[in-house]
Amino acid sequence: MVENNNLNIKSGLNTDQVNQRIKNKQTNKVKESNSKSTLQIITSNSFTFFNFIFLLLAILLVLVEAYKDLTFLPVIILNTFISIFQELRSKRTLAKLQVLHAEKSSVIRNGTEIQLPTDDLALDDIIHLNAGSQIPADAKLIAGKIRVNEALLTGEADEVTKEIDAELLSGSFVVNGDGFAQLNKVGSESYISQLSSKAKTIGTTEESAMLKSLNKLIRLVGIILIPLGLALFYQSYFMNGNTLKSSIVSMEAALIGMIPEGLYLLTTVALALSAMRLAKKEVLLHSLKSIETLARVSVLCVDKTGTITENKMVVQDVIKAHASSLSEKTQLNLISDFCNNFPGDNSTMKAMKDYFTNESTTNADDIIPFSSAWKFSSAKFNDTTYIFGAPEMVLRDDFEKYQPEFADYPKQGYRVLVFGKYIGASLTEPKLVAPVQPIAFILIRNPVRTSAPKTFKYFDKQNVKIKVISGDDPVTVSSISKEAKIKGAENYIDASKLEPSDYKEALQKYTVFGRVTPDQKQSFVQALQELDETVAMTGDGVNDILAMKEADCSIAMASGNDATMHAAQMVLLDSDFSKMPQIVEEGRQVVNNVERSASLFLVKNIFSLTMTLLTLIFAVNYPLAPSHITLISLYTIGIPSFLLALETNHHQIKGHFLSNIMQQSIPGGITDTVVVATIVFTGKLFNLKQDNISTATVLIMSAVGFLVLYRLSRPLNVFRNIILWGCIVGIIITAIFFGNLFGITKISAIAIGYAAILFLTADSVLNHLTNIVNTIFKKLKLG
């Protein structure tokens with residue numbers, strides 16, 4: 001038991017004091033984060049502006065008994081359910097974030113040491129800490145001496161010795177020693193809770209480029225939707241003298257045609273299907289937007305351990321010291337005896353025990369375990385003491401004498417440790433006063449992943465810059481990066497020598513950064529973003545969380561900390577960094593295919609907007625009903641879009657999503673407007689009735705839709721041919737057998753001939769408009 005130096009240790013808090021702290025809410029129970037409740041998620045996704053518009057339109061159609069024009073509702077309902085499901089899934093994932101693994105702690109209450117759940121601890125509680133304990137809240141050591149591993153929080157693997165009055169951070173582990181600590185920050189006030197709270201926060205602005213572009217379109221449509229709808233109804237009902245039913249139906253056809261309701265659904269479904277495919281490859285997605293973002297990444301920040309190298313240490317070689325006269329067998333047996341007297345509780349000793357496997361029955365008379373404070377361990381056999389540790393700490397004054405024997409190895413990425421014989425008397429405390437004669441130099445390293453060179457070569461070909469950010473020595477990190485074939489790995493710098501004002505220049509000049517602190521990681525990400533880079537970052541510790549949250553895309557290794565995995569946008573469940581190219585290609589498939597499909601959707605939206613404006617300007621009747629829009633959209637947009645989104649497409653993403661789809665859709669939308677306006681304005685010259693004009697409009701819009709689909713699908717292959725001809729056959733069969741459901745009436749031979757002539761004209765109009773739009777976008781540098 002540790003010697004007490006504080007009167008409270010024996011008694012701790014009494015029952016009255018605990019009850020008072022519970023009343024004051026000074027317990028270790030962490031408050032729920034400010035994330036939305038399940039009810040709030042459901043309501044926020046259900047009661048949206050456009051859902052309200054669609055509900056209002058549906059009510060109006062019911063009131064005028066135009067039931068067949070309600071065919072747009074299933075898409076709206078499905079889109080709402082998917083949005084709710086995705087956000088609830090995100091909430092459940094983030095709610096699992098739990099950094100503190102310790103469920104119970106030893107605490108002194110009413111003079112007795114008892115075990116309590118960590119949530120029941122209170123401010124000023126006295127807790128008993130020993131090897132293996134996790135510190136449940138911020139505290140001050142009031143008795144004893146312990147060594148603490150804070151790697152979970154700081155990223156530094158070294159153990160820190162804590163003496164009386166030292167501050168203890170929640171979430172760190174006690175490696176050895178025994179002590180008592182008094183809690184001074186509990187619950188939401190503790191360091192780990194504040195860090196976890198930031199990690200749990202769901203960013204309201206966290207959207208992909210595609211969804212941002214779609215939201216811009218939706219906001220634009222939202223601004224003009226209501227005034228245009230009112231103007232159309234006023235003109236049709238009050239000025240043109242149409243019936244209430246026909247006025248409402250034509251108005252709703254125009255408004256529904258302007259809303260890209262299926263496009264948002266297509267995007268979310270395409271991302272969800274992509275997430276399912278990645279799940280089969282052991283890639284877990286917490287955020288669907290990360291698929292697209294990673295496909296657009298221009299800088300990838302990686303750590304050395306677990307990414308470039310395997311997440312373990314291995315002994316690569318044993319170099320016999322010149323001063324040693326031992327045979328190789330004796331040397332190996334001696335080191336094996338040494339290792340067998342220590343637990344494999346750290347990566348270095350585990351690597352040693354895996355390499356030196358000679359069975360031994362020799363027990364040491366005395367040992368001193370390794371600590372970052374003295375950086376060596378020792379074991380005494382009979383009257384001889386052997387030392388194992390860092391050369392500079394073990395050899396001390398003789399370091400320069402022996403350094404030439406191992407000086408080249410650190411430059412090759414090895415960590416050099418020395419095993420030697422202590423020349424002085426037996427050690428009673430971890431303080432070397434006599435020389436150490438080296439027996440062997442042991443080379444340890446994290447082996448480079450065999451797949452690493454191929455992976456980094458892929459990113460180099462894709463013009464993605466790699467930044468290696470590590471807490472290790474920059475020379476070592478550079479050597480390992482060279483072995484992994486990272487371009488520019490010879491350009492390295494010690495980050496501890498950088499000032500914040502130097503970050504941007506250094507990030508443009510260097511590839512490898514050593515001695516990087518956790519705070520610098522976040523600053524590096526911010527600096528790269530200020531340089532207009534799209535940044536992805538890998539991480540495996542709590543110290544990486546804030547930098548990962550700052551990055552455009554965050555990737556965690558499953559071999560790392562649980563908190564990091566829950567906070568990251570994606571997790572490599574098998575910790576295999578070589579999966580990254582597959583994820584990038586998956587993202588490209590989504591972006592490229594959705595971009596193509598979005599162009600099909602916007603053809604309808606552009607037509608509806610321009611045709612509405614012409615209808616208002618020239619005081620004519622809008623030629624379509626909602627059911628017509630549904631039929632045309634189903635076969636020229638909906639079905640082909642969803643099927644094409646499944647196609648493999650790994651081409652590099654170019655240009656901006658919104659400008660790309662506008663460039664491709666404007667010619668088709670204007671072509672639709674030209675040919676339909678021609679039918680509407682000249683139909684009376686051929687004595688065409690309104691129902692003939694509407695059906696002819698459906699025919700010509702369908703034909704133009706398939707023409708646009710053909711152009712966007714080139715070059716055609718078997719899959720695309722099946723889609724194109726399958727949809728053509730589908731719309732013909734639907735029109736013949738279910739025409740009444742979609743408002744298709746019998747059409748005169750004159751109307752059919754007129755529609756055929758306009759279709760032939762449409763091909764020429766589409767060609768000319770495409771050339772004009774491409775020229776304009778090129779001059780404006782929008783494409």
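Author: K350 and D354 both belong to helix α14 (residues 347-355), where four residues, about one turn of the helix, separate them; helices here are DSSP runs of H or I with at least four residues, strands are runs of E with at least two, and both are numbered from the N terminus. Their side chains meet in a salt bridge, with 3.4 Å from N to O. The term requires a side-chain nitrogen of Lys or Arg within 4 Å of a carboxyl oxygen of Asp or Glu. K350 is partly exposed, at 47% relative accessibility; buried means under 20% relative accessible area, exposed over 50%, and partly exposed in between, with a 1.4 Å probe and protein chains only.

The model is predicted: local features need pLDDT of at least 70, side-chain atom pairs count only at pLDDT 80 or more, and totals for chains, interfaces and linings use all residues. Residues are numbered from 1 along each chain as its sequence is written, and side-chain values use heavy atoms, with hydrogens and water left out.

Across the whole structure, a search finds 14 salt bridges. One of them joins R109 to D125, whose closest N and O atoms are 2.7 Å apart. This pair links distant parts of the chain, 16 residues apart: R109 lies in strand β1 (residues 104-109), and D125 in the loop between β2 (112-117) and β3 (126-130). R109 is buried, with a relative accessible area of 12%, and D125 is buried as well, at 0%.

The side chains of D574 and K579 also form a salt bridge, at 2.7 Å from N to O. Here D574 is partly exposed, with a relative accessible area of 30%, whereas K579 is buried, at 12%. Elsewhere, R596, E647 and R720 are linked in a network of salt bridges. In general, side chains of opposite charge can pair when their charged atoms come close.

Confidence should be read alongside these pairs. The protein averages a pLDDT of 84, and 89% of the residues score at least 70; pLDDT is the predictor's confidence in each residue, from 0 to 100. Mean confidence is highest in helix α19 (residues 503-509), at 96, and lowest in helix α6 (residues 151-154), at 58. Over residues 1-7, pLDDT stays under 50, and the model has 13 contacts beyond four places in sequence for them, a contact being heavy atoms within 4.5 Å. Residues 97-102 likewise stay under 50, with 23 such contacts.
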